[in-house]
Amino acid sequence: WEQHKLGEVAKVTMGQSPSSKNYTDNPNDYVLVQGNADLKSNEISPRVWTKEVTKKVHKGEFIMTVRAPVGYLATANMDAVIGRGVAAIDGNKYLYYLLQTKLLDRTWEKLSSGSTFESISSNDIKNLEIKVTETEEEKLIAKLMDTVTYFVTLQQRKLEQLKLLEKALQQKLFPNSFQEKPLLRILHGDNSWWNSYIGEVFTERVDKGSSEKLLSVSITDGVYPFDESKRKNNSSNDKHNYKKVFQNDIAYNSMRLWQGALGVSKYEGIVSPAYTVLKPLANQNSIFYEFMFKNIDMLHIFQRNSQGLTSDTWNLKFNQLQHIKIKTTNLNSQNKIAKLLIKIEELKNNESNYYHNLMILKKYLLQKLFI
């Protein structure tokens, strides 16, 4: 391994912003790359075009952000004009991954300066000390990192497609207020839908507790034991006014229902008086309604029915919630819809974990393969 300065092994070109008078929306002009927002999915993401050519990055070179957040990299998938927020680096793939390690160890942050715009200078970039090895070993390291990055990218796309599928199913399996039936139907037996009110399928649970397991509710995790969270426990020492929650109840944050802060409880416990607890009536599948209530159309309805002067004080208690109209179906159809959506959610979570593990592997290799 030999020590060099970055400027000795790669050509570094600092960006120079063209005049805003020459910005266009014509894709036939040069794409302008100015900062991190223009670097998506490790490539250039066109947002602005320009007729003025100041400094250029050529296809195959890579780009690094030099203004906060500094050190983010992408490969140029086309010739482009670069502004003051980025630099073009003409180096090999090994160097591309080596510079990613400098992002991990916060090298760029330590070299950044400036009060208005935190940035890194041309000299700091060119004088950065790096260690390189024999050409053949560099190629093998770069090939390995390319392979891992390829699988990361594939997994990321797969996860994005699953999220789109999940969203589409949630929208198409439940009818909105203008539809008599959903766009996508599960046809086995009676699959009729009818108008109802939330108060006809749920009642409010008003049982009080104090010594049971403390539960919390979030947008991402639904109902979960509070001791599994990293949040500070601000609950009152006197919990005699806390509300009981039983399995299959739906608990929701009264001030954040319109954002989707609800979930079906797998636990018995208590929640803060700020929450509302819904007890399902006979022949109702709570999970079916959890998916329904998180549908974007229902969230808009919850928002319109919330009371308060500003979004920080909006509140939707059961007294108002019970009068909201919905369309529902029989228990058999509810079970089938819930089962399908659960399977999609489980698949998405499994793929998300796999993506997370790939990212851990990539980070590990970046830390161990380079000096």
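**A loop, then the rest**

Modeller: Asn283 sits in the loop between strand S23 (275–280) and helix H6 (286–293). Helices (H or I, at least four residues) and strands (E, at least two) are DSSP runs, numbered from the N terminus. A word on sources: this is a predicted model, where local features need pLDDT of at least 70, side-chain atom pairs count only at pLDDT 80 or more, and totals for chains, interfaces and linings use all residues. Residues are numbered from 1 along each chain as its sequence is written, and side-chain values use heavy atoms, with hydrogens and water left out.

Phi of Asn283 is near 65°, a positive value in a residue other than glycine. Most residues other than glycine have a negative phi, and most peptide bonds are trans. Asn283 counts as exposed, at 57% relative accessibility. The cut-offs run as follows: buried is under 20% relative accessible area, exposed is over 50%, and partly exposed is in between (1.4 Å probe, protein chains only).

Asn248 is another non-glycine residue with a positive phi, about 75°. Asn248 lies in the loop between S19 and strand S20 (250–253). With 44% relative accessibility, Asn248 counts as partly exposed.

Next, a peptide bond. Ala68 and Pro69 are joined in cis, with omega about -5°. Pro69 belongs to the loop between strand S9 (62–65) and strand S10 (73–75).

Now the charges. Side chains of opposite charge can pair when their charged atoms come close. A salt bridge here needs a side-chain nitrogen of Lys or Arg within 4 Å of a carboxyl oxygen of Asp or Glu. The structure holds 8 of them.

Take S19 again. Lys244 makes a salt bridge with Glu212, with 3.7 Å between the closest N and O atoms. This pair links distant parts of the chain: Lys244 is in strand S19 (residues 242–245), while Glu212 is in the loop between strand S16 (208–209) and strand S17 (215–218), 32 residues apart. Both ends count as partly exposed: Lys244 has a relative accessible area of 23%, and Glu212 has 31%. There is also a network of salt bridges, which links Arg205, Asp207 and Asp249.

Lys158 bridges to Glu351, with the closest N and O atoms 3.3 Å apart. Lys158 lies in helix H5 (residues 135–172) and Glu351 in helix H9 (residues 331–368), so the pair ties together parts that are 193 residues apart in sequence. Lys158 is partly exposed, at 42% relative accessibility. Glu351 is buried, at 12%.

Then Lys348 and Glu166. Their side chains meet in a salt bridge, 3.1 Å from N to O. Lys348 is in helix H9 and Glu166 in helix H5, so this pair, too, links distant parts of the chain, 182 residues apart. Lys348 and Glu166 are both buried.

Leu154 and Tyr355 are 201 residues apart in sequence, yet 9.3 Å apart in space, C-alpha to C-alpha. Leu154 counts as partly exposed, at 36% relative accessibility.

Ile82 is in strand S11 (residues 80–82). Ile82 is buried, with a relative accessible area of 0%. Gly15 is 67 residues from Ile82 in sequence and 4.8 Å from it in space, C-alpha to C-alpha.

Now step back. The protein has 9 helices and 24 strands. Its C-alpha trace spans about 75 × 50 × 45 Å along the principal axes.

A contact means heavy atoms within 4.5 Å. Of the contacts with a separation of 6 or more, 73% involve residues 24 or more positions apart.

Last, burial and surface. Buried residues make up 42% of the 371. The protein exposes about 20,600 Å², of which carbon and sulfur atoms supply 48%. Those areas come from the Shrake-Rupley method with a 1.4 Å probe; for residues, only the protein chains shown count as cover.
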